[in-house]
Amino acid sequence: IPKMRRIMAVERRVHCLDYDMGGALETTEEIPVVAALYNEHNNTILTATAFDVMIWDAKTGVMQQSYRRISKAEITCACLNSVHRKFIAGDHDGNIKMFHYATGQMLNYFPKHDSEVTQVAAPQDLIVLSCSLDGTVRVHLERPEMDCGVTLREVTLNVDIVCMAAAPSLDLMAMGTKSCQVAVYSF
């Protein structure tokens, strides 16, 4: 069996695309992308890999910015803030950091989780949600005048939390666990 790389997409049918590693080395990655986020305000796509974040023009595919080694531990998740001017990244060591979208400058950090951050969300201005394999979900407040945000609320589920979604219009967040449970809380 020949070795190949394959992308599979599923809708009503399965689509397979076999490919060789192509592209210019300075604009491609050989490590997995952990987040791909569309910024509708400036028509760009942010991608996050283990330690790096890149911003691409959505129409041309040209890389516009590259922020190398923004994290000491592997990035595990990322999101855009509610106005798409900042991005938040969580990492394998439990850190959560906020960066300026256009410059990559770190703006804020939040209290550390005890384990890997599995999801971050920023459903409202100044509010950041995070969940972790330590079994906690936190509601953080960004403090632009200071380097460190604060935790407003913490919910402990005592199971590994693997995903989260926020409904800003309802002030609700839903978390999914490794033990197949879904919990819904107000933030």
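Q: Why is Arg138 counted as buried?
A: Arg138 has 8% relative accessibility. Buried means under 20% relative accessible area, exposed over 50%, and partly exposed in between, with a 1.4 Å probe and protein chains only. The 8% of Arg138 is under 20%, so Arg138 counts as buried.

Q: What kind of model is this, and which local features are used?
A: The model is predicted: local features need pLDDT of at least 70 and side-chain atom pairs need pLDDT 80 or more, while totals for chains, interfaces and linings use all residues. Residues are numbered from 1 along each chain as its sequence is written, and side-chain values use heavy atoms, without hydrogens or water.

Q: What makes Arg138 and Glu154 a salt bridge?
A: Their side chains meet at 2.9 Å, N to O. A salt bridge needs a side-chain nitrogen of Lys or Arg within 4 Å of a carboxyl oxygen of Asp or Glu. The 2.9 Å is within 4 Å, so the pair qualifies. Arg138 lies in strand E13 and Glu154 in strand E14 (residues 150-156), so the pair ties together parts that are 16 residues apart in sequence. Strands (E, at least two residues) and helices (H or I, at least four) are DSSP runs, numbered from the N terminus.

Q: Why is Glu154 called partly exposed?
A: The relative accessible area of Glu154 is 41%. That value lies between 20% and 50%, so Glu154 is partly exposed.

Q: How do you know that Asp160 and Lys178 form a salt bridge?
A: The N to O distance is 3.8 Å. This is within 4 Å, so the pair counts. Asp160 sits in the loop between E14 and strand E15 (161-167), and Lys178 in the loop between E16 and strand E17 (182-186), 18 residues apart.

Q: Is Lys178 buried or exposed?
A: Lys178 has a relative accessible area of 55%. That is over 50%, so Lys178 is exposed. Asp160, at 29%, is partly exposed.

Q: What makes Arg68 and Asp52 a salt bridge?
A: The closest N and O atoms are 3.0 Å apart. That is within 4 Å, so the salt bridge stands. By this rule the count comes to four. Asp52 is buried at 9%, whereas Arg68 is partly exposed at 42%.

Q: How do you know that Cys77 is in no disulfide?
A: A disulfide is a pair of cysteine sulfur atoms within 2.5 Å. A search of the whole structure finds zero disulfides. For Cys77, the nearest cysteine sulfur is that of Cys131, 7.3 Å away. The distance of 7.3 Å is not within 2.5 Å, so Cys77 is in no disulfide. Cys163 is in no disulfide either; its nearest cysteine sulfur, that of Cys131, is 7.1 Å away.

Q: Where is Cys131, and why is Cys131 called buried?
A: Cys131 is found in strand E12. Its relative accessibility is 0%, which is under 20%, so Cys131 counts as buried. Cys131 touches residues including His113, Val117, Ile161 and Cys163, not counting residues up to four places away in sequence. Contact means heavy atoms within 4.5 Å.

Q: What joins the side chains of Thr44 and Tyr101?
A: A polar contact of 2.6 Å joins them. A polar contact is a pair of N or O atoms within 3.5 Å; within protein, one must be able to donate a hydrogen and the other to accept it, and residues adjacent in sequence count only if both atoms are side-chain atoms. Thr44 lies in strand E4 (residues 44-48). Thr44 is buried, with a relative accessible area of 1%.

Q: Which backbone atom does the side chain of Asn81 reach?
A: The side chain of Asn81 reaches the backbone nitrogen of Arg85 at 2.9 Å. Asn81 is found in the loop between strand E7 (75-80) and strand E8 (86-91). At 6%, Asn81 is buried.

Q: Why is Gly135 called buried?
A: Gly135 has 0% relative accessibility. That is under 20%, so Gly135 counts as buried. Gly135 is in the loop between strand E12 (127-132) and strand E13 (136-141).

Q: How many helices and strands does the chain have?
A: The chain has zero helices and 17 strands. Of its 187 residues, 37% count as buried.
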